[in-house]
Amino acid sequence: MFYHAYDSYLENAFPYDELRPLTCDGHDTWGSFSLTLIDALDTLLILGNVSEFQRVVEVLQDNVDFDIDVNASVFETNIRAFQTPTGMPYGTVNLLHGVNPGETPVTCTAGIGTFIVEFATLSSLTGDPVFEDVARVALMRLWESRSDIGLVGNHIDVLTGKWVAQDSGIGAGVDSYFEYLVKGAILLQDKKLMAMFLEYNKAIRNYTRFDDWYLWVQMYKGTVSMPVFQSLEAYWPGLQSLIGDIDNAMRTFLNYYTVWKQFGGLPEFYNIPQGYTVEKREGYPLRPELIESAMYLYRATGDPTLLELGRDAVESIEKISKVECGFATIKDLRDHKLDNRMESFFLAETVKYLYLLFDPTNFIHNNGSTFDAVITPYGECILGAGGYIFNTEAHPIDPAALHCCQRLKEEQWEVEDLMREFYSLKRNRSRFQKKTMSSGPWQPPAGPGTTSSENQDGTREKRPTKQKIPLLSCPSQPFTSKLALLGQVFLDSS
């Protein structure tokens, strides 16, 4: 499945952003920088194709230029423009000139709150805190803008801070804001971010949940505004599993799975009371969210029902969507008409989560039993021990790399070296003083790198031994929400 789509893109669409599988050509969508190839990079690694990964990295380095005169989605490209009175970013920015003078200040909630994972990582690896700082400010402005009943809308004016669209839910326009509060909390071991999500979770349960479905409500009153399920909401059971709420996650997942079995995919909108699709929202663009939740829940429970969903997804996509030049978006799930588009997330997310669902021994699922020890100028750094955090486009981030191998730690390591050297000298000086005050001839103490043996004439001979060099490990940080080995967070009351 992956290579049929991947090879079709390279043969017919590169260097365009996306493949058009019905006409076997390509087109630009999000910024004209070979988006599908960039999105597919780490899927190659997860599949074990290191040589192709290395080849593509070189191709992208030689051919992709981000200094171009094109308007790009801030959310979709993760390239930001945060200089507003509220600290919340615009929705679109020109990669060469910045924010256009006539740019609308109205941005969706997810477009404001979906930066902390990437930007905190960028700050850690570059040593520049500005990226994480602006992402945190944006998160806090949204938190401060919630209604009295604890909900947020889905579009806000970033200049005035006033809500423009006041429908509140867990789907389109809001989804990854909640996702990044949880994943940011795990990645950064940040209790405040987790507390913010748990507070939202209470309000969501109180006002939007009905029979394990989640509806859309008015953010100030809590009255139902749209009794629909959106396919983008199918990430929610996976997110619930990350905070250990397995029972609720499975019940909601099973609701969503019934919709899949009804149509062979998830329609963009599904009217819950009527049990059918919503007009002009009948399509399925091969989205990954339900498969993503299945992967997380299977790691947590081992429930075979989740593998059944994976099987159904593979069979449906192969039967309905596969064409000569890749896999096509399903325009209408009622009659299985196709649309001439294969979005980049199909290779970045959908196929990746399917593969990981059926590959329990993949390195992504590492439980800490294996790891790589990398020697740095300042000590040893542990990488690849597991606990990977996926961003909202399913690109994995190694938390060990974030906490161990970051430039900000270099100063700490230098200080540790100096302190270790200082206390070593102090300890040796103390031993010297004690020996000189004692009676009898002083003998040099056996240091940490030597042992002593006594000759026949009573003198001591130093014998060299293997010196033990203290290894530096990643700093441990207390956090009441700990990342479990199988991809969950269990809330610890201790």
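**Helix packing and burial in a predicted model**

I246 lies in helix α11, which spans residues 246-263. The structure is a predicted model.

- I246 and L297 are 51 residues apart along the chain, and 7.6 Å separates their C-alpha atoms.
- L297 belongs to α12, where it is one of the residues that meet α13.

**The α12 and α13 pair**
- Helix α12 (residues 289-301) packs with helix α13 (residues 304-321) at an angle of about 150 degrees, and their axes are 9 Å apart.
- The two helices, α12 and α13, are therefore roughly antiparallel to each other, as angles over 145 degrees are classed in this way.
- The crossing of α12 and α13 is left-handed.
- On the α12 side, L290, I291, A294, L297, Y298 and T301 take part, meeting L306, L307, L309 and A313 of α13.
- By class, the residues of this contact comprise nine nonpolar, one polar and no charged.

- Helix α2 (residues 35-46) has 10 of its 12 residues buried, so it is largely enclosed by the rest of the structure.
- The buried residues of α2 are L35, T36, L37, D39, A40, L41, D42, T43, L44 and I46.
- The elements covering these buried residues include the helices α1 (2-12), α3 (50-63) and α14 (345-357), together with the strands β1 (18-20) and β23 (396-397).

Methods
Residues are numbered from 1 along each chain as its sequence is written. This is a predicted model: local features need pLDDT of at least 70, side-chain atom pairs count only at pLDDT 80 or more; totals for chains, interfaces and linings use all residues. Side-chain values use heavy atoms; hydrogens and water are left out. Axes are lines fitted to C-alpha atoms, for helices over the stretch in contact, and angles run from 0 to 180 degrees between N-to-C directions. Helices (H or I, at least four residues) and strands (E, at least two) are DSSP runs, numbered from the N terminus. Angles under 35 degrees count as roughly parallel, over 145 as roughly antiparallel, 65 to 115 as roughly perpendicular and the rest as oblique. A crossing is left-handed if the near helix is turned anticlockwise from the far one by less than a right angle, and right-handed if clockwise. Contact means heavy atoms within 4.5 Å. Ala, Val, Leu, Ile, Met, Phe, Trp, Tyr, Cys and Pro count as nonpolar, Asp, Glu, Lys and Arg as charged, and the others, Gly among them, as polar. Buried means under 20% relative accessible area, exposed over 50%, partly exposed in between (1.4 Å probe, protein chains only).
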